[in-house]
Amino acid sequence: MSTFQAPKGTYDLTPPRSATFLAVREAIAAPLRDSGYGYIETPGFENVELFARGVGESTDIVTKEMYTLTTKGGDQLALRPEGTASVLRAALEANLHKAGNLPVKLWYSGSYYRYERPQAGRYRHFSQVGAEAIGTEDPVLDAELIILADQAYRSLGLRQFRILLNSLGDKECRPVYREALQTFLRDLDLDEETRRRIEINPLRVLDDKRADVQKQLTDAPKLRDYLCDACKAYHEEVRALLTAAGVVYEDDEKLVRGLDYYTRTTFEFVHDGLGSQSAVGGGGRYDGLSEMIGGPELPSVGWALGVDRTVLALEAEGIELDLPYATSVYAVPLGEEARRVLFGVVTGLRRAGIAADFAFGGRGLKGAMKSANRSGARYALVAGERDLAESVVQLKDMESGEQSAVPLTEVAAELAKRLG
Ligand code: AMP
């Protein structure tokens, strides 16, 4: 082991587990790509102000968890703690919303950073795949996103997840509720920090995990009773669309989520095999965010699914993805001349689109064949001096053990045929 280790709260992705991560990212992205979402990539850091405004000055993410830095040039930057604010910023900057095609549907995949207390499933560097649909208020769009996330999880074989659904109201009804909630909360027996939270972000108090706090919240006013008619109708429509699509969800009126910008539809995907960090993904509607970061009114909805926790969920359910081996053909040269010739063959195979690897380092037959086995390759190519003299290589089927001589000039065509 070297004297260096990955920083606290981070871990490295190494083969073979890393292949599962790639497959998970792909499984989440595929339904999005098939549904009109275009890929977007934004920088790993932004001006700190974007998150302060876009995520909310009263959230834990901004007040406690952001990695901020001042550059040598004096810019105040933050490593991105989440994706939505950046994606909306980028869409506005590129005027995607003015191209006449609303909603602007985007998906992304990348690393996110939060200075949290590390534990199983909670890291300081983690990865998400996300989707945002910008500029349209339509319950069908909210339903579409939830259905696509459900589809992604099902395609991975996951079954022990649940979808929690709630509506947070809009700028008409939420403020009325917020005040009623504040009035209720101010009379409770709470610590200083929670008291401060009542004033800046009272809905978050509902999210408090402590049993003594939860006990006091039993009679708290319910957002459901305060939703205006428009919000109620919108929410009923989302629910009906999900039901029509066969997507099972649970109404959860305590679901408020940590970010300030959510309005109306809000949801979380939780997995029952993950212990305390059970949220594998979440999202919702954020109709006010664009204006909060200086853009026009652009009602939008989106989600982010955590790749790390999705992999943990697979492991919790004992699901092994059916990942094809990376290498189809493994070449084993015996001797100097064979090295040059077989390496030429391998290069040709690769150029023809056949995944091929090579026994490097001039190892003996036994060791090299072990590597061929480990690579998972279906075929091995073996050649020694005698084979070269006859201009052939030995083609070995690693499954059946059968071996036959194939003329050098025909190896590529023969392998292409056999591999289909
Ligand atoms: P959030 O924006 O907090 O709702 O995060 C969306 C998803 O990202 C969560 O459901 C998790 O799957 C994942 N996530 C958020 N924070 C972390 C973290 N510290 N470590 C690992 N995954 C995380």
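This is a predicted model: local features need pLDDT of at least 70, side-chain atom pairs count only at pLDDT 80 or more; totals for chains, interfaces and linings use all residues.

Biologist: Let's start with T20: is T20 buried or exposed?

Modeller: T20 lies in helix α1, residues 17-33. Beyond its neighbours within four places in sequence, T20 is in contact with V311, L314, L321 and L323. Its relative accessible area is 19%, and the cut-off for buried is under 20%, so T20 counts as buried.

Biologist: Nice. How are helices α6 and α7 oriented to each other, roughly parallel or roughly antiparallel?

Modeller: Helix α6 (residues 174-186) packs with helix α7 (residues 192-200) at an angle of about 160 degrees, their axes being 9 Å apart. Angles over 145 degrees count as roughly antiparallel. The two helices are therefore roughly antiparallel.

Biologist: And which residues of α7 are met by α6 there?

Modeller: The contact residues divide into three nonpolar, one polar and four charged. From α6 come R178, Q182, L185 and R186. On the α7 side they meet R195, I198, E199 and I200.

Biologist: Now the rings: what kind of aromatic pair do Y112 and F126 form?

Modeller: The structure holds 13 aromatic pairs. This one links Y112 in strand β5 with F126 in strand β6, 14 residues apart, and both residues are buried. The ring centres are 6.4 Å apart, with 40 degrees between the planes. Under 30 degrees would be stacked and over 60 edge-to-face, so this pair is tilted.

Methods. Residues are numbered from 1 along each chain as its sequence is written. Side-chain values use heavy atoms; hydrogens and water are left out. Helices (H or I, at least four residues) and strands (E, at least two) are DSSP runs, numbered from the N terminus. Buried means under 20% relative accessible area, exposed over 50%, partly exposed in between (1.4 Å probe, protein chains only). Contact means heavy atoms within 4.5 Å. Axes are lines fitted to C-alpha atoms, for helices over the stretch in contact, and angles run from 0 to 180 degrees between N-to-C directions. Angles under 35 degrees count as roughly parallel, over 145 as roughly antiparallel, 65 to 115 as roughly perpendicular and the rest as oblique. Ala, Val, Leu, Ile, Met, Phe, Trp, Tyr, Cys and Pro count as nonpolar, Asp, Glu, Lys and Arg as charged, and the others, Gly among them, as polar. Rings of Phe, Tyr and Trp (its six-membered ring) pair if their centres lie within 6.5 Å; planes under 30 degrees apart count as stacked, over 60 as edge-to-face and the rest as tilted.
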